[in-house]
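Please examine the sequence and the three-dimensional structure shown below.

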Amino acid sequence: MFLCLSTFKFKSRLFFTVLVLLIITPLIGHYYLSKEEKDGFENSYNTHSKLEVHGDYGVFRATDLKHRIAELVRIKNSVNNELRNIEGKRQKLLNELALNHKKIEDSKAEVIRQEAELEKLKISVKQAQVAENEAIIQNSPNLAPPRIILPQNPPSFIPLPVNTHYTCRNMKNCFDYSRCSLTSGFPFYFYLSEELPELVSTSLNKIVFQVLRYNPHFTNSSNNACVYVALIGETHNFINITQLEHLPFWGGDGRNHVIFYLSKNIYNKPNFDQNIDFGRAILAQSFWNEKNFRHGHDIILPVSLGPPGGEVWMDSPYMLPARRKYLLSFEGYKNTNIIKHQQNFVDMLQKYITQTTVDQFYIITDCENQRVESNIIDWCLCNDETKRKVFITQSTFTLIPAPLDNDMISTAMMQTRIFESLKFGAIPVFLEHDRIGLPFDEVIDWCRAAICIAGERIPELHWLLRTIPDNDILLMRRQGRMLYEKYFGTIQAILDTTLAVIRNRIGIPPMPVIDTPSPSIFNEHFKPIKMDPIIPDAEPEESLGPLEQPFSSPVFKRNYTVMNIQGYELWNSWGDPFKLYPHTPFDPLLPSDAKFVGSGKGFRPINNGAGGAGKEFCQSLGGNSPREQFTIVILTYERDQVLFCYLYSLIL
């Protein structure tokens, strides 16, 4: 037991001693080694400094100094070259980095553009699907016109009832519709001079023939004609029914015939019996007895005092000022004193003109030395047109009374007053309007171009004319000018208007207008101006809607309805019932909700009817009209660069 304890103590002391030696010995060695290294470094530094100092200032080391300097210069140049190479590499890396950045930005822009293009294509696909569905479910397919149905033979002979005066009350019981199908184009045949023996002067017939050849409905085929046009007048022979019955295509009763009586002799009655039975033929003239005029069948013509054709606007005066020297004018004389004729409203006019007014009147009811004699009972004219023009062009209004003979509704002299008032810009005042037969009154609204009053309004006439404002005066004067230029100014206008009235009665549309390309403003020597390149917009902010395949605009959709629905505007506002246009700016629009209830074909509501902001509007082809491709016209006032930028933005 004791021995074991002693052995344990010995081992503990030995272990402790070894541990102390292991710790102290490295520390002592580290101390001496550090001190020796420090002393050696100081001695080496001092020695080197002394040598360098001795070498810098020593005389015997000049050669070594030269070599040392050359070596240092070489090292400097080498370092500079290395630095230049490093800087070049750095610049190259920077350029590559900038180029990569640009490629990244371009790629981002391209991604955005492709995404926008993808959205457009998606919208276009939706539009194509809508169009496909419309084509499948449409219940009003486009119909091809039927074959033109034309007669192959002239009218057959159908005699009039014997010992009975046949009265045509309308077109229905006097016109052969079988010769005029809706798609026939209303062809008419004009009788030549050799086919009208002793009915008309050869010179007048040739003039009218040359004029009518310009009408698109004219045909040389008598077998296929819908209407036959014959001209009478300007002849010394007295016309009778026997001469008419000898016309080659009269057919016994004159159906589908239009008889024009044209004469520049306005002071005498027509040289045929007014009680002559023209059968089913339509008679068109200026001189009409109320008993013989067949309403809805015969036609009242204006006087044919104008040229054969051409423009007539240059013969009319300027429409301003609105109010002229004379407020009202009238010149004429009575050639009868028979009691059976109308009450003399014109003579009463002087009595009711206010004497204290500043307005001036030109009222002449007796032109002793300037009369033009006539065998027609009416207010006769004084002087010739040149002298009448002097006071008419100075008149705001001109009085046109009804014929003195109560049995007459129209005379050539009354029609002459209407013609001259429209030509020279004096607004007509129709006195006893209900007794006056006006030209083409079944299609023309005369009260838009004239003052229509009853004879009993004579005491209030001055006050009435005085209350009309200048803007209404100019509006009526402009309307009268349009009527004169379109329907009355020339023989061609009178003939074309008469045929258009008949065509309108039987419901045949006019011939379509000829589609002609616009003439180029550039000749073969034109050289386009070179412009600066256009900088494209990488991120267009707006879309012009979905892409579509080219398709033609819908045309001629209202051929047989425009005359019924907008016939009034055709004759009185647009002034062009002679041509059929593919479409007009005045076509009626559907109600805004119709596109959602049964009439959605062709429409593209904005955001399916929900509307939206600018984005939804840009991405749709919506609106109140069916889709249509159109041409954009931009006025840039010679700023070509602006124009090209706009055009470039449209094709992005």
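A cavity is a set of points, on a 1 Å grid over the protein atoms alone, where a 1.4 Å probe fits but cannot get out; lining residues have an atom within 4 Å of a point. Grid points are joined across faces, edges and corners, and a volume is the space filled by probe spheres set on the points. This is a predicted model, in which local features need pLDDT of at least 70, side-chain atom pairs count only at pLDDT 80 or more, and totals for chains, interfaces and linings use all residues. Residues are numbered from 1 along each chain as its sequence is written, and side-chain values use heavy atoms, with hydrogens and water left out.

Two cavities of 30 Å³ or more are present in the structure. The largest cavity has a volume of about 110 Å³. Its lining residues include Phe 330, Glu 331, Arg 388, Thr 398 and Ser 421. Strand E7 (326-331), helix H6 (385-392), strand E11 (395-401) and helix H7 (412-424) each give two or more residues to this lining; helices (H or I, at least four residues) and strands (E, at least two) are DSSP runs, numbered from the N terminus. The lining of the largest cavity divides into five nonpolar, two polar and four charged residues. Here Ala, Val, Leu, Ile, Met, Phe, Trp, Tyr, Cys and Pro count as nonpolar, Asp, Glu, Lys and Arg as charged, and the others, Gly among them, as polar.

The second largest cavity has a volume of about 50 Å³. Among the residues that line it are Ser 421, Ile 427, Met 476 and Arg 481. Two or more lining residues come from each of H7, strand E13 (427-431) and helix H9 (470-488). H9 gives the most, with four residues. By class, this second lining has six nonpolar, three polar and two charged residues.

Terms used: 1 Å grid on protein atoms, 1.4 Å probe; cavity = no way out; pocket = protein on both sides within 12 Å on 5 of 7 lines; lining within 4 Å.
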